[in-house]
Amino acid sequence: MRDGVGGFVHRRARRFAITTAVVAALAGTNAPWLYRFGTEKYHDYAINRPEYKAANGHWQIVEFPEKYRQDTIHAVLLHTGKVLLVAGSGNNQDNFDAKRFDTRIWDPARGTIKKVPTPDDLFCTGHTQLGDGSVLIAGGTKRYEKLQGDVTRAGGLMIVHNENPDKPITLPAGTGFTGRENGRTFVSRDPVLVPRATKVFDRRTGKFLRNDPGLGRIYVEARKSGAKYETGTQDNYRIRGLGGVDGRNTYGIAQKLALDKKDFQGIRDAYEFDPVAEKYIEVDPMNEARWYPTLTTLGDGRILGVSGLDDIGQLVPGKNEVFDPATGKWTYTKKQRQFPTYPALFLTQDGKIFYSGSNAGYGPADVGRDPGIWDVAGNGFTELPGLSDPDLMETSATVLLPPAQDERYMVIGGGGVGESPRASARTRLVDLLDESPRFVDGPALAKGTRYPQVSVLPDDSVLVSGGSRDYRGRGNSDILQARLYHPESNTFERVADPLVGRNYHSGSLLLPDGRVMFFGSDPLYEDAANTKPGKFEQRIEIYTPPYAYRGERPRLSGGPKSIARGASGTFVSPDAAAVRKVRLVRPSASTHVTDVDQRSLALDFTAAGDRVRVTVPGNRNLVPGGWYMLFVVDGRGVPSEARWVKVP
């Protein structure tokens with residue numbers, strides 16, 4: 001018998017039947033303290049019984065020694081089996097002001113942890129796995145946001161125009177801009193390069209028509225504090241210190257420059273993290289500063305960088321770029337397309353990009369939020385119909401369901417734009433291999449859920465856990481529930497409840513031993529009345545799925561360290577005859593309910609004696625280059641520990 005959300009009623013009933021009896025007996029003693037003590041003790045006993053673990057799995061908290069704790073925002077599984085935990089300033093402006101930027105390397109197998117020097121504030125950066133096993137990390141924080149009431153100097157965006165077609169112009173930091181109508185002077189905080197104007201000719205006659213000015217964007221603010229320096233309307237600004245031709249051709253235009261909220265500002269800096277040397281290596285910076293960007297691996301190994309807030313706190317206006325690991329250079333895509341920040345962008349088997357509509361924050365409510373298929377080269381975009389709760393996609397999660405060859409995606413939960421209290425309990429499914437793909441609803445969650453954490457397991461189930469009903473857990477709205485989604489039956493199965501609430505700035509990733517690690521959580525408040533400021537959750541929690549309690553796992557050893565696409569490799573397993581599945585799982589790079597790296601591929605295999613021979617698919621868009629975890633799974637659904645295999 002199944003309930004309305006696809007879970008198993010009889011398992012849920014079995015789990016609580018004895019607990020209910022104990023509660024009733026204790027209640028009769030008329031001793032409230034004994035009631036609480038007894039139920040807590042029994043709960044601990046019940047969830048640790050072998051039969052309970054085999055049915056529901058088990059959660060365990062890992063707390064680092066105090067000197068190693070940090071506010072982890074990003075987590076990436078390295079091919080060494082260790083986990084890269086990145087905090088940067090950890091959403092703590094005191095850390096930012098003091099330039100205390102943190103990174104840790106944690107080895108879950110050995111239980112060791114160490115600090116790593118962090119060169120920049122990599123808080124709210126973008127990251128993805130590279131083909132050689134290093135991690136590309138790009139963007140981060142240049143300036144923290146200032147809320148209305150905290151802003152003392154009027155400021156905002158200045159667009160600098162250069163009408164000279166013969167040369168670009170560079171304006172240094174500290175350049176003054178004086179309004180021709182309002183007479184107020186504002187000063188830039190950074191240098192800006194303004195490109196030369198473009199000469200425009202009539203295509204038919206070749207006759208010169210006009211110069212289209214080159215444009216530069218810069219943040220400016222008043223020299224002094226106070227509301228009297230605000231401007232209410234657009235004005236044209238002359239640039240102090242410029243004369244002659246430059247003075248005539250170069251000017252600024254700004255809309256309102258005021259004391260309203262100022263958003264975070266991004267940086268252009270980029271690094272490769274070396275998992276063997278365990279250090280950051282600087283690479284060329286991006287063309288655009290980005291805070292909250294998404295990095296997505298393309299089939300040829302290059303990396304697509306999309307969206308983010310720029311170095312003046314504005315949404316990057318569709319200027320997407322590509323990083324080439326071979327040259328270390330970033331180049332703009334030929335055409336622009338705008339998305340909200342941290343868009344969920346997945347490489348498809350035909351080399352295009354699937355955008356689910358999931359995102360994690362900033363951007364207009366009516367621009368770039370419709371899901372579809374994006375042809376990056378030609379900039380074509382085919383919208384996909386059928387998405388339910390389309391206005392509740394912010395802070396939703398999207399996962400490529402296993403096996404990846406089926407090209408089916410699930411979108412889970414989500415909320416309204418910005419600080420909306422609204423949340424969706426829906427899941428939505430789309431099959432991109434259909435002739436006319438469209439979204440259909442999957443099984444519902446029990447509650448509207450923002451920030452769900454989602455991890456693909458080697459047995460083809462998908463763990464969905466945590467989140468909160470309201471923005472950043474307001475109103476004590478964390479959801480202490482977990483479910484396994486089974487793609488073959490399109491059902492949810494309720495499993496053991498997590499011990500720690502997880503909302504904003506949280507995530508999860510699959511470990512090589514088949515367990516799942518959870519990190520972070522950054523609530524606004526601790527209490528239901530929203531009066532006590534929240535504290536960042538620094539504890540790690542590990543979920544061990546039910547398959548780990550079904551007896552000994554299949555063994556796997558030997559085999560090649562590298563298998564080319566379309567090629568085969570042979571591994572040793574005394575349990576080869578019991579193997580029913582082989583899965584090649586790309587390791588996660590998780591942050592802000594965005595993990596576009598994880599994918600689980602079904603491998604063709606043959607088993608004979610104590611040998612398992614596996615074949616990697618030949619499509620480079622299906623199998624991007626890099627390191628993968630290879631699992632064999634037996635007839636009970638029990639996976640082996642992973643072997644690391646590189647696909648060149």
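## Thr 297 and its partners

In this predicted model, the side chains of Thr 297 and Thr 128 are joined by a polar contact of 3.2 Å. The side chain of Thr 297 also reaches a piece of backbone, namely the oxygen of Gln 129, at 3.4 Å. If you want to find Thr 297 on the structure, look in strand 22.

Is Thr 297 buried or exposed? Thr 297 has a relative accessible area of 7%, and since anything under 20% counts as buried, that makes Thr 297 buried. Leaving out residues up to four places away in sequence, Thr 297 touches Thr 128, Gln 129, Arg 302, Ile 303, Leu 347, Arg 586 and Pro 624.

## Thr 141, another threonine to look at

Thr 141 sits in strand 8, which covers residues 141-143. With a relative accessible area of 4%, Thr 141 is buried. A polar contact of 2.9 Å links its side chain to that of Trp 291.

Which residues does Thr 141 touch, apart from its neighbours within four places in sequence? They are Phe 96, Asp 121, Phe 123, Phe 264, Gln 265, Ile 267 and Trp 291. Keep Phe 96, Phe 123, Phe 264 and Trp 291 in mind, as these contacts of Thr 141 also belong to an aromatic cluster.

Now for the aromatic side chains. The structure holds 24 aromatic pairs. Take Tyr 292 and Tyr 342: their ring centres are 4.6 Å apart and their planes make an angle of 35 degrees, so this pair is tilted. Why tilted? Planes under 30 degrees apart would count as stacked and planes over 60 as edge-to-face, so 35 degrees falls into the tilted group.

Tyr 292 lies in the loop between strand 21 (279-283) and strand 22 (294-297), while Tyr 342 lies in the loop between strand 25 (329-332) and strand 26 (345-347), so the pair ties together parts that are 50 residues apart in sequence. Tyr 292 is buried, with a relative accessible area of 1%, and Tyr 342 is buried with 1% too. Another tilted pair is formed by Phe 323 and Trp 330, at 5.0 Å centre to centre and 45 degrees between the planes. Phe 323 is buried at 0%, and Trp 330 is buried at 7%.

## A cluster, and an arginine over a ring

One aromatic cluster is formed by Phe 96, Phe 123, Tyr 144, Phe 264, Trp 291, Tyr 292, Tyr 342 and Tyr 362.

Arg 143 lies over the face of Tyr 219, at 5.0 Å from the ring centre.

Most residues other than glycine have a negative phi, and most peptide bonds are trans. Where does this chain go another way? Pro 403 belongs to the loop between strand 30 (397-400) and strand 31 (408-412).

Glu 407 is found in that loop between strand 30 and strand 31 too. Its phi is positive, near 50 degrees, though Glu 407 isn't a glycine. Glu 407 is buried, with a relative accessible area of 7%. Val 593 also has a positive phi, of about 45 degrees. Look for Val 593 in the loop between strand 43 (589-590) and strand 44 (599-602); it is buried at 14%.

## Stepping back

How many helices and strands are there in the protein? There are 5 helices and 48 strands. The radius of gyration is 27 Å, close to the 26 Å that the globule rule gives for 648 residues, so the protein is as compact as a globular protein of that length. Along its principal axes, the C-alpha trace spans about 85 × 65 × 45 Å.

Of the 648 residues, 55% count as buried. Asp 44, in helix 2 (residues 32-47), is partly exposed, at 42% relative accessibility. The protein exposes about 26,700 Å², and carbon and sulfur atoms supply 48% of that. Finally, among contacts with a separation of 6 or more, 61% come from residues 24 or more positions apart.

Notes
Residues are numbered from 1 along each chain as its sequence is written. This is a predicted model: local features need pLDDT of at least 70, side-chain atom pairs count only at pLDDT 80 or more; totals for chains, interfaces and linings use all residues. Side-chain values use heavy atoms; hydrogens and water are left out. Rings of Phe, Tyr and Trp (its six-membered ring) pair if their centres lie within 6.5 Å; planes under 30 degrees apart count as stacked, over 60 as edge-to-face and the rest as tilted. Helices (H or I, at least four residues) and strands (E, at least two) are DSSP runs, numbered from the N terminus. Buried means under 20% relative accessible area, exposed over 50%, partly exposed in between (1.4 Å probe, protein chains only). A charge sits over a ring if NZ of Lys or CZ of Arg is within 6 Å of the ring centre and within 35 degrees of the ring normal. A polar contact is a pair of N or O atoms within 3.5 Å; within protein, one must be able to donate a hydrogen and the other to accept it, and residues adjacent in sequence count only if both atoms are side-chain atoms. Contact means heavy atoms within 4.5 Å. The radius of gyration is taken over C-alpha atoms; the globule rule is 2.2 Å times the number of residues to the power 0.38. Accessible areas come from the Shrake-Rupley method with a 1.4 Å probe; for residues, only the protein chains shown count as cover.
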